[in-house]
Amino acid sequence: MSRRTLVFDAGGVIVQWQPLDLMKHLLPEHAHDEASARQVAAAVFQTSLAGDWSGFDRGQIEPGPLVERIARRTGYPLAALQALIAAIPAHIQPMPASVALLERVREAGHRLVLLSNMPRPFADHLEAAHACFG
């Protein structure tokens, strides 16, 4: 069998990523059910390339200024947004079934590559905290 390079995304593929759960937990006055949690997530994690979170993904905005921008833009409490950013590293835990698959693929001699728009602080945390990202 020839050696192949397999490319994986992180969020929802290798690591848990349930942003609606985070919104309901950390912004409950705004995200009290599924529909409102979707609205809050859309406001926080803007999808446009010009959005605050996209700048964070690209390393153009640090967490502190990011939180301030989101708070100004949305009216959500600054402390809750700071708690959200602080909670994400603990939230994005590797999924055991995915890690097992990665190990089988690696043991079969294939090269693994992670391609993600994950912000650098979160990616650095994953690499430091979990051997599967070595």
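Start your tour in helix 6 by selecting S98, V99, L102 and V105, which are buried. These four cover an arc of only 120° around the axis, which puts them on the same side of helix 6. Keep in mind as you look around that this is a predicted model.

**Around helix 6**

Now turn the view to the other side of helix 6, where P96, A97, R104 and E107 are exposed. What do the buried residues of helix 6 pack against? Show strand 1 (5-8) and strand 2 (111-114) and you will find the packing partners there.

Next, select the whole of helix 6, residues 96-107. Its 12 residues should span 16 Å at 1.5 Å a residue, and the end C-alpha atoms are 16 Å apart, so the two values agree.

Stay on this helix and pick E103 and R106. They form a salt bridge, with the closest N and O atoms 3.9 Å apart. Because E103 and R106 are 3 residues apart in helix 6, about one helical turn separates them. An α-helix has 3.6 residues a turn, so residues three or four places apart point the same way. E103 is partly exposed, with a relative accessible area of 27%, and R106 is partly exposed too, at 32%.

**Salt bridges elsewhere**

How many salt bridges does the structure hold? There are 6, and two further stops show you some of them.

For the first stop, select K24 and E34. Their side chains meet in a salt bridge of 3.2 Å, N to O. This pair links distant parts of the chain, with K24 in helix 1 (residues 19-26) and E34 in helix 2 (residues 34-44), 10 residues apart. K24 is partly exposed, with a relative accessible area of 29%, and E34 is partly exposed at 39%.

For the second stop, select D52 and R73, whose side chains meet in a salt bridge of 2.8 Å, N to O. D52 lies in helix 3 and R73 in helix 4 (residues 63-74), so this pair ties together parts that are 21 residues apart in sequence. Is D52 buried or exposed? D52 is buried, with a relative accessible area of 10%, while R73 is partly exposed at 34%.

**Helix 3**

Remain in helix 3 and select S54, which is found there. S54 counts as buried because its relative accessibility is 9%, and buried means under 20%. Leaving aside neighbours within four places in sequence, S54 is in contact with Q46, T47, S48 and L49. Displaying those side chains together with S54 gives you a view of its surroundings.

Finally, move along to D57, also in helix 3 (residues 52-57). D57 is buried yet has no salt bridge. Which side chain of opposite charge is nearest to D57? That is R58, at 7.0 Å. For a polar partner, select N117: a polar contact of 3.1 Å joins the side chains of D57 and N117. Not counting residues up to four places away in sequence, D57 touches N117, M118 and P119.

Note on methods. Residues are numbered from 1 along each chain as its sequence is written. This is a predicted model: local features need pLDDT of at least 70, side-chain atom pairs count only at pLDDT 80 or more; totals for chains, interfaces and linings use all residues. Side-chain values use heavy atoms; hydrogens and water are left out. Helices (H or I, at least four residues) and strands (E, at least two) are DSSP runs, numbered from the N terminus. Buried means under 20% relative accessible area, exposed over 50%, partly exposed in between (1.4 Å probe, protein chains only). Lys and Arg count as positive and Asp and Glu as negative; His and the chain ends are not counted. A salt bridge is a side-chain nitrogen of Lys or Arg within 4 Å of a carboxyl oxygen of Asp or Glu. A polar contact is a pair of N or O atoms within 3.5 Å; within protein, one must be able to donate a hydrogen and the other to accept it, and residues adjacent in sequence count only if both atoms are side-chain atoms. Contact means heavy atoms within 4.5 Å. The expected span of a helix is 1.5 Å times one less than its number of residues. The arc is that of the directions from the helix axis to the C-beta atoms.
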